[in-house]
2 protein chains.
Amino acid sequence: MSARHPLDAAIALKPHAEGAWHGRTSAAYANMIGPYGGITAAQCLQSVLHHPERLGDPIAFTVNFAAAIAEGEFLLRPRAVRTNRSTQHWIIEMLQGDHLVATATAVTATPRETWSGHEARMPDVPRPADTPRTLRRGVEWLNRYEMRFLEGAIPAAWDGETRDESLSRLWVRDDPPRPLDFASLTAIADVFFPRVWLRRAKPTPVGTVSMTVYYHADAAQLAATGPGHLLLQAQGQGFGGGFFDHGGQLWNEAGELLATTHQVVYFKE
Amino acid sequence: MSARHPLDAAIALKPHAEGAWHGRTSAAYANMIGPYGGITAAQCLQSVLHHPERLGDPIAFTVNFAAAIAEGEFLLRPRAVRTNRSTQHWIIEMLQGDHLVATATAVTATPRETWSGHEARMPDVPRPADTPRTLRRGVEWLNRYEMRFLEGAIPAAWDGETRDESLSRLWVRDDPPRPLDFASLTAIADVFFPRVWLRRAKPTPVGTVSMTVYYHADAAQLAATGPGHLLLQAQGQGFGGGFFDHGGQLWNEAGELLATTHQVVYFKE
C-alpha cells in the first residue's frame with residue numbers, strides 16, 4: 001500500500017459546519033516561519049475545489065497572506081458570492097482561532113472551446129533530463145520539489161553585488177512526482193525564490209503579500225501533463241518602498257502554457 | 001467656480017450604516033454594457049481609501065467583476081479583516097440590491113524607505129507632445145481619456161487577419177487632465193482595449209473578469225506626477241478556452257514605474 005503523497009496530506013480538509021473546512025499545517029511544507037506560501041494558496045483553492053457548489057474549473061485565483069500562520073489547525077471559509085450561468089465568484093477566508101490569517105478570491109468557469117493562441121511561448125531550453133538537479137537546502141518545503149535551474153539560480157555568494165535583471169528559468173516538479181492538478185499547480189506557482197535576493201545577492205527577510213494565478217489549462221490538460229516537469233519562468237518588475245513584484249509563466253514539457261502568475265513581496269530593507 | 005472633475009464625481013461615496021458606502025454609476029464612464037471596469041475598480045478602492053480605519057497606501061489591489069452593473073446606485077462594503085503593525089488587509093464587496101456585482105481585496109501598508117531599483121524600465125519612445133492623439137469613439141468612457149498610441153493601436157480594419165503579438169504602448173491621461181492619485185491610477189490601469197481584438201482583428205464580445213494592480217509609488221510620488229501623461233504598456237500571455245490574460249506596466253513621464261497590472265478577460269468565441 002503506497003503512502004499518501006505529502007501534498008495530498010497537506011491539502012486534506014475535513015468538513016466543518018456551514019460549508020467551512022478544517023485543515024492543518026504540514027511539517028512537510030514548513031518554511032522559515034510558518035508554512036510555504038504555495039501550500040497555503042493550495043489549501044485555500046482546495047476549499048473551493050472540494051465545495052459541492054463549485055461550478056467549473058479555476059480561471060483566476062488571488063491569495064493575500066495576512067499574517068504568520070502558526071503550526072496547527074486552521075479553518076477555511078469559502079463562500080460562493082455570485083453564481084452566473086457559466087462563471088462563479090468566491091471569497092475565501094482562512095482563520096486560526098478568531099484571527100484571519102489569509103484571504104483569497106477565486107473565479108471558476110465551465111470549460112468552453114474558443115479560438116486559442118498562446119502568446120507567452122516557452123523559451124528554447126535544454127530538456128529536464130539534460131539539466132542537473134539543483135540542490136537547495138535549509139527549509140523543509142524545498143525537499144518537496146525537484147528543481148533544475150537553467151538560469152537565475154539563487155546567488156552562489158551573498159557578496160552584495162547587484163544585478164540589473166532577475167530572470168529565472170527552471171524545471172520543477174513535485175518530489176516525489178505526482179500527477180498535476182489545480183492544487184499542485186497553484187502550489188508550484190509560488191516556488192520562485194525572492195527576486196530581490198537575485199538582484200542584490202543579499203539575504204534580506206521577505207514574505208509574499210499577495211499572489212495571483214491565471215489558469216490557461218483545464219482539468220483534462222493538467223491530467224494529461226501527469227507527473228512531468230514544468231518549466232517556470234519569473235522576472236521582477238518594481239523594487240522599492242519595501243515591496244517588489246514579479247510576473248511568471250508555467251509551461252508543461254510539451255510547451256503548453258498552463259498558467260501565468262504574479263506576486264508582490266515584502267522585503268525588509 | 002470650476003465644476004467637479006468627472007472622475008471625482010464618479011468615485012464620490014456617501015456614508016451608509018456600519019462602515020459601508022453608497023455610490024452611483026456614472027454616465028460619464030458608461031461602457032457598452034454597464035460602466036467602464038476601471039471606474040468600478042476605482043470605486044472599490046476608494047471605499048478603502050476613504051475608510052477611517054485605513055492604514056497607509058495601497059500595495060496590492062484585485063477586483064473581480066462578478067456581474068453586469070446596472071445603471072443606478074450601489075453599496076460598497078469594505079472590511080478591514082486584518083490590521084498588522086504596518087500592513088492591513090481588506091475585503092470589499094459591491095452590491096446592487098441583494099446581488100453581489102463585484103468583489104475586491106486590497107493590501108495597504110505604511111510607506112517605508114528601502115533599497116530601490118525598478119527592473120521594468122520605460123521603453124525609449126517619443127514624448128507625448130510628439131505623439132498625435134488617437135481618437136477613439138463609440139462608448140462614453142473613451143471620451144474621459146486622452147490616448148496617444150505609439151504601438152499596437154486598435155485594428156484599423158476588422159479583417160480577421162491574426163497577429164502573433166499583442167504589445168501596445170500608449171500615452172494616457174485623464175481628459176480633462178487631473179492630478180494623479182491612487183483612484184485615477186487604478187482606473188487608468190484598465191484602459192487597454194482587449195488584446196484578443198489585436199491578435200485576431202475580430203470584434204468578439206469581451207469582459208474583464210479579474211484585474212490586479214500592484215502599486216510601486218506612494219501618494220507623494222503620485223502627487224508629484226500631477227496631471228502629466230502616463231506611458232502604458234500591455235501584452236497578452238495566454239489565449240484559449242474563452243479567456244485571455246495580459247500583463248502591463250504604467251510609468252510617468254519622468255520614467256518612474258508607478259504600477260504594474262494584470263487582468264484576465266472573458267471572450268466569447
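View 1. On the side of chain A that touches chain B, you'll find 25 nonpolar, 27 polar and 13 charged residues (Ala, Val, Leu, Ile, Met, Phe, Trp, Tyr, Cys and Pro count as nonpolar, Asp, Glu, Lys and Arg as charged, the others, Gly among them, as polar).

This is a predicted model, where local features need pLDDT of at least 70 and side-chain atom pairs count only at pLDDT 80 or more, while totals for chains, interfaces and linings use all residues. Residues are numbered from 1 along each chain as its sequence is written, chains are lettered from A and ligands numbered from 1 in the order in which they are written, and side-chain values use heavy atoms, with hydrogens and water left out.

**View 2. Here's where chain A meets chain B.** Each chain brings residues to the contact: 65 from chain A and 65 from chain B (contact means heavy atoms within 4.5 Å). Of the area chain A buries against chain B, Arg112(A), Trp115(A) and Glu119(A) supply 16%, more than any other three residues; buried area is the accessible area (1.4 Å probe) that two parts lose on being put together, summed over both.

**View 3. Now zoom in on Glu93(B).** Its neighbours by contact include Arg79(A), Val81(A) and Ile91(A), plus Leu100(B), not counting residues up to four places away in sequence. Glu93(B) and Glu119(B) sit 26 residues apart in sequence and 34 Å apart in space, C-alpha to C-alpha.
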